[in-house]
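Trainee: I have a chain open and want to talk through its fold. Can you take me through it?
Mentor: Bring it up and we will start from the order of elements.

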Amino acid sequence: MAMDLKEGDILELKKAHPCGGNTFEIVRTGMDFRMKCLTCGTQIWISRVKLEKRIKKVTRT
Ligand SMILES: [Zn+2]
């Protein structure tokens with residue numbers, strides 16, 4: 001079953017971004033997710049399946 005993830009959620013991932021940060025904000029949901037690295041501001045695309053495997057913690061504000 002798919003995880004409940006919404007735009008605006010802050011995710012802590014197991015794998016860090018090349019900049020060293022591991023917290024990301026969900027910008028867009030779907031088959032592929034658009035995520036913003038909160039450390040360097042870069043936006044990336046990642047598939048839902050791949051993303052769900054990397055999530056350590058979800059924070060909803
Ligand atoms: Zn980054």
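Trainee: What pattern does the protein chain follow along the sequence?
Mentor: This is a predicted model. Read along the sequence, the pattern is β-β-β-β-α-β. That makes one helix and five strands.

Trainee: How compact is the protein chain for its length?
Mentor: The radius of gyration is 10 Å, and the globule rule gives 10 Å for 61 residues, so the chain is as compact as a globular protein of that length. The C-alpha atoms fill a box of roughly 30 × 20 × 20 Å along the principal axes.

Trainee: In what order do the strands sit in the sheet?
Mentor: The order is 4-3-2-1-5, in an open sheet with antiparallel pairing.

Trainee: Which strands stand at the edges?
Mentor: Strand 4 (43–47) and strand 5 (55–59). Each has a single partner strand, so one side of each has no neighbour in the sheet.

Trainee: And by how much are neighbouring strands turned against each other?
Mentor: By 35° on average, with direction ignored.

Trainee: Let's do the pairs. How many bridges join strand 1 to strand 5?
Mentor: Four, and the two strands run antiparallel. Leu13 stands opposite Ile55 of strand 5.

Trainee: What about strand 1 with strand 2?
Mentor: Strand 1 covers residues 10–13 and strand 2 covers residues 23–28; they pair antiparallel over three bridges. Ile10 has Glu25 in strand 2 as its bridge partner.

Trainee: And how many bridges are there between strand 3 and strand 4?
Mentor: Five, again in the antiparallel sense, with strand 3 spanning residues 32–37. There, Asp32 is opposite Ser47 in strand 4.

Trainee: Changing topic: which residues form the largest nonpolar core?
Mentor: Six residues: Leu11, Phe24, Phe33, Met35, Cys37 and Leu51. Strand 3 gives the largest share of this core, three residues.

Trainee: What does Phe33 touch, leaving out residues up to four places away in sequence?
Mentor: Its contacts are Ile26, Arg28, Ile46, Arg48 and Leu51. Leu51 is also listed in that nonpolar core.

Trainee: What percentage of the protein chain is buried?
Mentor: Buried residues are 10% of the 61. The cut-off for buried is 20 or more other C-beta atoms within 10 Å of the residue's own.

Trainee: Last one: what share of the contacts is between residues 24 or more positions apart?
Mentor: That share is 23%, counted among contacts with a separation of 6 or more.

Definitions and conventions. Residues numbered from 1 in each chain as written. Predicted model: local features only at pLDDT ≥ 70, side-chain atom pairs only at ≥ 80, totals over all residues. Pairing = 2+ DSSP bridges. Axes fitted to C-alpha atoms, helices over the stretch in contact; angles between N-to-C directions. Core = buried A, V, L, I, M, F, W, Y, C linked by C-beta atoms within 7 Å. Buried ≥ 20, exposed ≤ 12 C-beta atoms within 10 Å, placed from the backbone. Contact = placed C-beta atoms within 7 Å. Rg over C-alpha atoms; globule rule 2.2 N^0.38 Å.
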